[in-house]
Amino acid sequence: MKNKDSGSPFALAIHGGAGTLRPERMTGERAEKYKTALREALAAGEALLKSGKSALDAVEAAVIALEDNPLFNAGKGSVFNQDGNIEMEASVMWGPIQEAGAVSLLSRVKNPVSLARAVMEHSPHVMLTGMGAEDFALKMGAEMKPPAYFHTTRRRNQWERARNSNTIHLDHDNPKGTVGAVALDKKGHLAAATSTGGMTCKLSGRMGDTPVIGAGTYAKDGCVAVSCTGHGEFFIRGIVAYDVACLIEYAGLSLEAACQRVIHEKQKTLGGMGGLIAIGSKGEIALPFNTTGMYRGWVREGEVGEVAIF
């Protein structure tokens with residue numbers, strides 16, 4: 001049934017990372033843990049959209065649920081860098097007038113996605129990093145946590161294996177990764193949010209595509225909302241999220257065609273592995289990935305939400 005406010009139903013999609021997920025290693029019990037977590041995040045965002053809240057509120061709520069779950073590489077489940085520290089990143093974008101906020105190199109902020117929104121709404125800037133971002137978090141009253149909160153045994157073991165082999169790993173290959181959400185609300189507004197802990201054993205100070213508006217996150221009313229997951233360096237070089245929007249707005253491609261071209265053609269040519277979630281201005285949803293799997297969920301108004309891994 002069409003919504004009275006916008007003439008189209010609300011819609012929401014989420015992701016928990018794309019990468020080399022091996023079906024033979026995914027037991028039924030393990031898969032159900034991930035699916036339950038995805039359902040909970042999807043429900044958190046859907047409840048707000050049903051009540052008439054904004055797409056921005058919905059994507060923030062969905063991402064917070066994923067940041068708080070140690071199964072995913074964001075917030076509490078973040079991976080360790082080369083020095084054994086946590087460096088988190090996040091961004092949000094609000095479609096009506098293309099406002100955006102981003103943060104990076106965080107080590108104490110419980111929910112980076114909320115701080116990214118605060119940067120957008122309460123500062124004259126788009127991105128804050130490191131100590132400056134955490135000072136701003138304290139001024140905003142953001143919930144802070146000691147390092148021990150983010151230090152899980154699983155992540156520590158991953159870091160030790162990577163350090164011992166002198167390699168840098170996408171956490172998606174382990175297999176978990178970046179989280180994100182995109183939404184269309186009852187007023188027809190679009191929003192996107194993305195959050196990550198980065199790459200296991202990455203160099204200190206490295207930033208990926210997540211906090212880069214246009215690379216990992218993008219939203220524009222009347223066009224599309226996009227959240228990406230994958231090898232950040234390639235997604236930055238491909239300006240992936242904005243590339244999808246350009247193919248829709250300027251080349252006239254459908255949402256599905258634009259996403260397929262970017263992920264399965266352009267990114268594969270560059271060597272970029274990963275995926276994205278996107279919602280169009282009429283509530284159409286696309287969830288392409290060029291890896292073996294991507295944790296994802298989606299729901300439209302009046303429909304039952306779905307989650308999937310492979």
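Predicted model: local features only at pLDDT ≥ 70, side-chain atom pairs only at ≥ 80, totals over all residues.
Which residues do ring pairs link into a cluster? They are Tyr-34, Phe-72 and Tyr-295.

Residues are numbered from 1 along each chain as its sequence is written, and side-chain values use heavy atoms, with hydrogens and water left out.

The structure has five aromatic pairs. Rings of Phe, Tyr and Trp (its six-membered ring) pair if their centres lie within 6.5 Å; planes under 30 degrees apart are stacked, over 60 edge-to-face, and the rest tilted.

Take Tyr-34 and Phe-72: they are edge-to-face, 5.8 Å centre to centre with 75° between the planes. This pair links distant parts of the chain, 38 residues apart, with Tyr-34 in helix α1 (residues 28–50) and Phe-72 in the loop between α2 (55–67) and β2 (88–94). Helices (H or I, at least four residues) and strands (E, at least two) are DSSP runs, numbered from the N terminus. Both Tyr-34 and Phe-72 are buried; buried means under 20% relative accessible area, exposed over 50%, partly exposed in between (1.4 Å probe, protein chains only).

Next come Tyr-218 and Tyr-242, edge-to-face at 5.2 Å centre to centre and 65° between the planes. Tyr-218 sits in strand β9 (residues 217–220) and Tyr-242 in helix α8 (residues 240–249), 24 residues apart. Tyr-218 is buried, at 7% relative accessible area, while Tyr-242 is partly exposed, at 32%.
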